Amino acid sequence: YEEAKAAIDFGADIELLCARVPHGRLVLLLDEIEYVTFDLSPAEHWQDDFLSMWATLRSVHQNSRGKFSFIVAGVNPYATERHRIGNHDNPLFSTTGTFFVSPLTREHTAQMIRSLGRMMGISVDRPLIDSMYASFGGHPFLTRRACSHLSKSLPDRPAVMTGGLWESHRVDVGQALGPIATQILTVLESWYPTEYELLQALAQGDTNTFSDFARSSAEFCSHVVGYGLVADPLTAPSFTIGLVADVLRRMAVEAGSEDERSGVPDDAPQPEDDDSYWDSILGEISRRRNRLERDLRRRAKMTLE
């Protein structure tokens, strides 16, 4: 492959493969798509190469009359949602459909917990399953980690994991899983800051602002529902994962406490002719102004959207 004719050679190779594979059809699957996506990839060259690569893939797909197709997968649908890349159309925008992997249902959650517990010599009662589903909304990873944490309190096997056991260890489990929920929210804050800000508002009881924005933005609605974070966002929004709401409230409290601590200390030099005193005052004004400017930018963006 050489850069000048890579697109032509790739199309010829796909045509050759389609003639040899069963039924004459070929599907290319690309996982972790965000690592080769403009604005998201840590490699700077994908700002330009994304457009060239997907223009080629779409062209080959169209020329093959459906014999060649592709699937992209990842934790972020950003690549398929932006209709423009700089001054050019996004080749993926009108070509693909976005599907979110939904959380487990209550019955599938019960099946997962019972199947894994059986391998460990542990049976579970229905109240425990109901509590797991209410707390984690069918999120497989968080549910498994919570059950794993509870199982450590049952050294003897066979054993029974009950709803009462969950109630007595709820706080400990929440503290153990808190960093995982924080990591999920940190990723969301980086990629979708508007959604993150509105989730913070919802966690503090502001359902009206959340619903108003959900009604005005179909993309926002699909994100919070698709990620399994919020149920009924248009009329009565509520968190499906209680742990996420708890972490958001805690992060808001910690941010407020940090803001209070970052003010000018009471024992700072007071004389008007002390340069260090004025430096500290001007530094604090600048810090607060910068934070306000960031908040204003987010709100202006949300209003425009």
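1. Val-27, Leu-29 and Ile-71 make a nonpolar surface patch of about 290 Å². Patches are made of residues with over 30% relative accessible area and no salt bridge; like charges are joined within 9 Å and nonpolar side chains (Val, Leu, Ile, Met, Phe, Trp, Tyr) within 5 Å. A salt bridge is a side-chain nitrogen of Lys or Arg within 4 Å of a carboxyl oxygen of Asp or Glu, and areas follow the Shrake-Rupley method with a 1.4 Å probe, only the protein chains shown counting as cover for residues.

2. This is a predicted model: local features need pLDDT of at least 70, side-chain atom pairs count only at pLDDT 80 or more, and totals for chains, interfaces and linings use all residues. Residues are numbered from 1 along each chain as its sequence is written, and side-chain values use heavy atoms, with hydrogens and water left out.

3. Val-27 lies in strand β1 and is exposed at 51% relative accessible area (exposed: over 50%; buried: under 20%; partly exposed: in between).

4. Strands β1 (residues 26-30) and β2 (residues 68-72) pair in the parallel sense over five bridges (pairing requires at least two DSSP bridges). Leu-29 has Ile-71 of β2 as its bridge partner.

5. Thr-194 belongs to helix α8 (residues 193-203) (helices are DSSP runs of H or I, at least four residues; strands are runs of E, at least two). Thr-194 is buried, at 6% relative accessibility. Nine of the 11 residues of α8 are buried, so this helix is largely enclosed by the rest of the structure.

Methods
Buried < 20%, exposed > 50% of the residue type's maximum accessible area, 1.4 Å probe, protein only.
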